[in-house]
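Here are a few friendly notes to read alongside the model. Please keep the structure open as you go through the points.

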Amino acid sequence: MLDLNRNWELKICCNNDQKVFLYTIGVFIVVILLLWRTFLLTPFKLITVFLHETSHAIAAWLTCGKVEGIQVHANEGGVTQTRGGAYWVILPAGYLGSSFWGMILVLASTDIFTSKIAAGCFIAALVIVLFLAKNWTLRGLCIGFMIFIGGMWYLQVKTKVKILRYVILFIGVMNSLFSVYDIYDDTISRRINSSDAEKFAEVCPCPCNGVAWGVIWGMISFVFLCGAMYLGLIILS
């Protein structure tokens with residue numbers, strides 16, 4: 001049940017849990033920015049592409065379409081092959097969906113129980129996509145992260161190493177930051193003609209071009225990130 005007595009205006013901030021939450025996000029952001037162009041973050045960038053393509057697939061299924069295959073490439077690109085469904089829903093679902101899942105993961109990290117649920121759902125999604133994968137990069141990514149997240153779950157349950165919440169939070173923060181960057185890089189900076197935003201501009205009756213849609217989606221993704229931090233503080237209050 002929704003607790004209407006929660007500290008929605010954050011007049012009382014910050015207790016120890018809230019401080020740890022904010023400090024951890026701050027540290028993760030600094031680490032991510034410092035290591036942005038290193039190979040250490042490549043698996044986490046690719047998992048953001050995985051969530052991007054999975055969001056396309058979910059949108060196709062929800063609009064009665066079919067998913068014929070999913071690919072994630074080592075150069076941080078990806079393709080979801082769909083047939084049928086509502087194209088105008090499927091196209092924006094990639095960028096906005098990956099930002100949304102980043103927010104969900106950040107919020108899930110506020111409690112160990114919800115972290116376990118998020119980890120379980122993540123592993124289930126990896127298993128499902130593994131059967132839809134059309135290239136070995138995606139297959140390896142799915143298997144690797146199943147082992148990684150499963151290992152973190154094992155450490156959480158069977159040992160004194162309580163790290164699962166922080167792993168889920170890191171993936172959430174990384175996903176949120178990379179989603180915003182990916183929108184900027186694909187639709188505003190380089191303006192790729194085959195980007196989802198350019199394709200959406202062609203099918204949408206609105207007078208916006210691909211860059212405009214990129215700006216709009218980027219703002220929405222940034223709101224998701226800020227919203228995750230705000231709601232996280234409320235949950236921990």
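1. Let's begin where H1 and H8 touch: Asp-17, Gln-18, Phe-21, Leu-22 and Ile-25 of H1 meet Ala-228, Met-229, Gly-232, Leu-233 and Leu-236 of H8, contact meaning heavy atoms within 4.5 Å. Sorted by class, this contact of H1 with H8 has 7 nonpolar, 2 polar and 1 charged residues (Ala, Val, Leu, Ile, Met, Phe, Trp, Tyr, Cys and Pro count as nonpolar, Asp, Glu, Lys and Arg as charged, and the others, Gly among them, as polar).

2. A word on what you are looking at: this is a predicted model, in which local features need pLDDT of at least 70 and side-chain atom pairs count only at pLDDT 80 or more, while totals for chains, interfaces and linings use all residues. Residues are numbered from 1 along each chain as its sequence is written, and side-chain values use heavy atoms, with hydrogens and water left out.

3. How do the axes of H1 and H8 cross? Helix H1 (residues 16–34) and helix H8 (residues 210–236) have axes that come within 9 Å and cross at roughly 155°. That makes H1 roughly antiparallel to H8. Helices (H or I, at least four residues) and strands (E, at least two) are DSSP runs, numbered from the N terminus. Axes are lines fitted to C-alpha atoms, for helices over the stretch in contact, and angles run from 0 to 180 degrees between N-to-C directions; under 35 degrees counts as roughly parallel, over 145 as roughly antiparallel, 65 to 115 as roughly perpendicular and the rest as oblique.

4. H8 has another partner in H7 (residues 196–203): the two pack at an angle of about 115°, with their axes 8 Å apart. That makes H7 roughly perpendicular to H8. Here Asp-196, Ala-197, Glu-198, Phe-200 and Ala-201 of H7 meet Gly-210, Val-211, Trp-213, Gly-214 and Trp-217 of H8. By class, the contact of H7 with H8 has 6 nonpolar, 2 polar and 2 charged residues.

5. Cys-64, in the loop between helix H2 (42–62) and strand E1 (66–72), has a phi near 65°, a positive value in a residue other than glycine. Glu-76, in the loop between E1 and strand E2 (78–83), has a phi near 75°, also positive in a residue other than glycine. Are they buried or exposed? Cys-64 is exposed, with a relative accessible area of 74%, and Glu-76 is partly exposed at 28%; buried means under 20% relative accessible area, exposed over 50%, and partly exposed in between (1.4 Å probe, protein chains only).

6. Now for Phe-44, which sits in helix H2 and counts as buried at 15% relative accessibility. Which residues does Phe-44 touch, not counting those up to four places away in sequence? They are Phe-145, Phe-148, Phe-170, Ile-171 and Met-174. Ile-171 is 127 residues from Phe-44 in sequence, yet 6.9 Å away in space, C-alpha to C-alpha.

7. Ser-98, in helix H3 (residues 87–108), is buried too, with a relative accessible area of 2%. Leaving aside neighbours within four places in sequence, Ser-98 is in contact with Thr-48, Leu-51, His-52, Ser-55, Ala-93, Asn-175 and Ser-179.
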